Amino acid sequence: MPYQPVKFYQTGTFTVGNRLLAPDERSVQSSRMRSNSINSGHRACQGCGEALGARYAIDAAMAASDGQLIAVNATGCLEVFSTPYPESSWQVPWIHSLFGNAPAVATGVAAAMKVKGRQEVRVVAQGGDGGTTDIGFGCLSGMFERNDDVLYICYDNEAYMNTGVQRSSATPPAARTATTMPVGPEPGNVFGQGKNVPEIAMAHGIPYVATATVADLRDLEYKVRKAMSMHGARYIQIFVPCPLGFGTASHDTIRIARLARETGMFPVFEAEHGEVTGVLKIRHKVAVEEYLQPQKRFAHLFGKHPHPETVARLQAIADRNIRKYGLLEKESD
Amino acid sequence: MSSKPFAITLKPGTSLANLTGTWRTARPQYVDRLPPCNHACPAGENIQGWLFHAESGDYEQAWRVLTISNPLPAVMGRVCYHPCETACNRGQLDEAVGINSVERFLGDEAIKRDWKFDAPAAASGKKVLVVGAGPSGLSAAYHLARMGHRVEIQEAGPLAGGMMRFGIPKYRLPREVLDAEVQRILDLGVTLKLNSKVVNIEQSMQQGGFDAAFLAVGAHIGKRTFIPAGDATKIVDAVSVLRSMEGEDKPMLGRRVVVYGGGNTAIDVARTAKRLGATEAIIVYRRTREKMPAHDFEVEEALQEGVLIKWLSTIKQAGEGEITVEKMALDEKGFPQPTGEFETLAADSVVLALGQDVDLSLLDGLSGLEIKDGTVQVAANMMTGHPGIFAGGDMVPSERTVTVGVGHGKKAARNIDAWLRGIAYEPGPKHEIATFDKLNPWYYSDADKTVRPMLDIIRRQTSFDEVQGGLDETNALFEARRCLSCGNCFECDNCYGVCPDNAVIKLGPGKRFEFNYDYCKGCGLCVVECPCGAIKMVPEDI
């Protein structure tokens with residue numbers, strides 16, 4: 001059963017809140033009582049998608065666990081901008097160890113809580129795509145395989161952003177990064193490599209896997225709430241645009257995330273025990289150009305020396321996602 | 001050694017020491033922009049403002065906000081040509097909000113529940129004479145009474161309403177609706193004197209001891225044109241036909257009625273003739289449908305009811321039981337030119353609907369007036385050249401609709417009030433218009449317009465029952481909630497949610513939001529993601 005939007009004529013289906021909705025139908029983010037897990041004063045860039053996505057997700061997890069939550073963090077932007085000594089933006093119990101061991105540390109925290117008989121305390125681990133799909137991947141797979149009682153959240157901004165935008169295994173084909181320069185006959189990141197971690201997580205047969213974006217708050221909160229209602233290993237990958245690494249205006253963060261979903265470039269779905277159980281349908285389908293053109297990391301595909309064949313290959317990826325996950329409403333519906 | 005407990009290195013939430021607001025080069029600011037509907041409304045209604053209350057189901061409050069500008073919502077919800085809906089931004093998304101149908105619902109609800117206007121403010125001790133009890137006069141009387149002035153309306157006719165009663169047919173405006181809204185205005189303490197035609201305005205003012213006057217006598221004299229006619233042909237004018245519909249003796253038009261003209265009045269007469277039993281009601285108009293001044297939906301409804309229209313035709317001659325019509329052709333400039341081709345039409349009567357003139361005789365001998373093209377010229381404050389005498393409605397140069405009349409009444413009342421107090425009325429500064437490009441339409445769910453029910457065609461041809469039905473409570477609420485609230489915060493919490501820096505403070509229901517500029521980095525996400533365009537970015541002085 002996928003996310004059921006609140007049927008509302010004016011707004012409410014898509015906005016954060018609405019004065020006309022009953023309080024229990026409103027989002028966690030619309031509440032003045034939200035926990036603001038990441039407080040003001042953090043040093044994320046203007047318009048940071050990750051800071052936003054982390055507050056959306058951890059606030060929802062806090063609401064779902066009645067505030068009994070411990071957060072484990074991998075090294076990455078989120079860790080760096082939220083905790084420059086001697087300040088911390090976190091308003092939840094929070095621990096950071098190394099770049100690659102966040103899933104293992106989370107396993108340990110969960111085990112410790114079990115030993116102490118504090119099973120009401122829930123554990124969330126979080127990291128960027130680098131700490132998840134590359135460096136922490138062994139620990140993550142182990143955590144999945146043992147079905148440890150941890151919700152792992154990956155904030156996916158498709159490269160190593162805080163070290164200067166280097167390619168990760170989540171970087172899309174053709175994107176420019178510091179290590180995939182737009183030179184040669186096939187400029188930017190190569191086609192045919194990279195990891196689809198949500199699908200790898202599904203292959204472990206864990207109870208719950210989902211993807212979400214910062215443009216779809218109600219869906220994101222629903223997925224965190226659902227994940228928190230389960231036990232065992234759970235995985236959510238949230239698409240969080242990075243104005244610095246994508247080369248987009250700071251006010252476009254949510255628009256870019258919306259376009260990633262509306263083009264089919266980032267399929268939003270959920271799966272239980274390895275099977276897809278719901279997808280967030282595309283509302284108004286648009287061509288990939290609309291998503292690519294505002295981003296400087298794809299600027300070399302357009303302009304004076306365009307690469308229409310590369311754009312076509314990216315469109316083919318989007319079309320494949322649409323077909324594979326059934327992202328379009330059927331005409332008869 | 002650290003004073004913190006074991007294993008705690010950093011205190012929670014200590015990043016507050018880092019005032020990231022210093023990074024900012026531009027700041028977001030909450031604004032109220034002018035919704036296009038409000039901008040387009042000739043009566044100056046705060047449409048977005050009253051829809052806001054209707055959306056929450058508080059119809060009484062919605063009605064109270066609506067009637068700040070317009071005391072006749074049940075009438076207007078039936079006869080207004082709703083320029084607001086033409087301007088509505090939602091029209092660019094799916095279909096314009098049915099503002100007119102919600103207005104009618106509120107007006108009908110007020111009659112059903114017997115809502116009354118709040119008592120007037122403290123008495124000013126001033127007396128104002130209003131001449132004419134049409135839309136403009138009633139509106140002025142209402143506004144002046146609520147401002148605390150004593151108002152007397154002197155009406156030449158036997159009943160109040162002006163063209164709303166003697167021009168607009170019953171099937172568009174049932175008379176009990178009009179009566180109820182007029183009575184509510186009179187309940188404010190307004191005196192209405194019927195059958196008292198003002199012959200000389202200065203004299204009437206002196207006799208009654210009035211401090212100011214508002215003239216709104218309307219345009220009731222049907223324009224004539226010369227048609228060579230035999231004795232046996234019946235030629236009447238549209239205004240008298242519609243007026244006599246209100247009396248005991250209905251007009252005798254015969255079985256074959258020809259109406260000459262192309263305005264809304266021509267349509268009204270043709271549809272009335274049909275209802276009176278005419279087998280044929282034919283409108284003869286010298287130009288094409290595109291050029292016709294009548295509103296398209298009225299033409300459409302008339303055609304549905306079996307009214308025939310002869311385009312590009314003029315009446316040359318009227319004989320016994322028939323008329324001669326000359327065909328016209330449009331020249332390069334789009335003007336109709338005679339072709340010399342004639343045909344005859346059977347006609348028992350010819351009704352002339354060629355526009356109306358104003359009876360200005362009450363102004364004879366008044367100093368300082370300027371009269372041009374049969375209308376009284378007024379300044380921006382609605383005052384004629386004669387101090388203390390204001391005018392509005394059909395007798396001044398303007399579009400002649402009920403809505404414009406109501407707007408004139410409101411505007412004149414404000415200026416009369418200021419004039420009586422020896423000051424000039426200063427309208428507040430107009431906000432920037434909330435155009436469609438200021439909105440983020442993504443956030444509005446798809447929702448098609450609710451269509452009002454129409455009376456069965458056979459009843460429309462044979463009775464004067466109201467043609468267009470109203471909305472009920474459920475679909476009126478649906479329709480109200482289709483409003484995009486252009487340019488005005490409706491508390492959707494988007495800015496509060498999308499700020500990555502928690503720099504938006506939610507103040508609680510009805511109190512909107514505030515920025516915390518200590519931490520706002522100026523990313524502009526709230527501005528772009530605001531559905532209704534109620535935030536704008538302003539450069540910082542650096």
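Two strands count as paired if DSSP finds at least two bridges between them. Strands (E, at least two residues) and helices (H or I, at least four) are DSSP runs, numbered from the N terminus. With that, Ile315(B) stands opposite Val325(B) in β12(B).

Before going on, the provenance. This is a predicted model, where local features need pLDDT of at least 70, side-chain atom pairs count only at pLDDT 80 or more, and totals for chains, interfaces and linings use all residues. Residues are numbered from 1 along each chain as its sequence is written, and chains are lettered from A and ligands numbered from 1 in the order in which they are written.

Back to the sheet. β11(B) and β12 (residues 322-330) of chain B pair in the antiparallel sense, over five bridges. They belong to an open sheet of three strands in chain B, ordered β11-β12-β13, with antiparallel pairing. β11 (313-318) and β13 (336-346) each have a single partner strand, so one side of each is left without a neighbour in the sheet. Direction ignored, neighbouring strands here are turned by 30° against each other on average.

Now the helices. Axes are lines fitted to C-alpha atoms, for helices over the stretch in contact, and angles run from 0 to 180 degrees between N-to-C directions. Under 35 degrees counts as roughly parallel, over 145 as roughly antiparallel, 65 to 115 as roughly perpendicular, and the rest as oblique.

In chain A, the axes of α3 (residues 102-115) and α5 (residues 137-146) come within 7 Å and cross at roughly 40°. That makes α3(A) oblique to α5(A). Contact means C-beta atoms, placed from the backbone, within 7 Å. Here α3(A) contributes Pro103(A), Ala104(A), Ala106(A) and Thr107(A), and α5(A) contributes Cys139(A), Leu140(A), Gly142(A) and Met143(A).

In chain B, α3 (residues 59-66) and α6 (residues 99-113) pack at about 105°, with axes 10 Å apart. These two are therefore roughly perpendicular. Tyr59(B), Ala62(B), Trp63(B) and Leu66(B) of α3(B) meet Glu103(B), Leu106(B), Glu109(B) and Ala110(B) of α6(B).

Last, the interface. How many residues of chain B are in contact with chain A? The count is 46 residues of chain B, against 42 of chain A. On the chain B side, the elements giving two or more residues are α17 (494-498) and α18 (525-529).

Technical notes
Contact = placed C-beta atoms within 7 Å.
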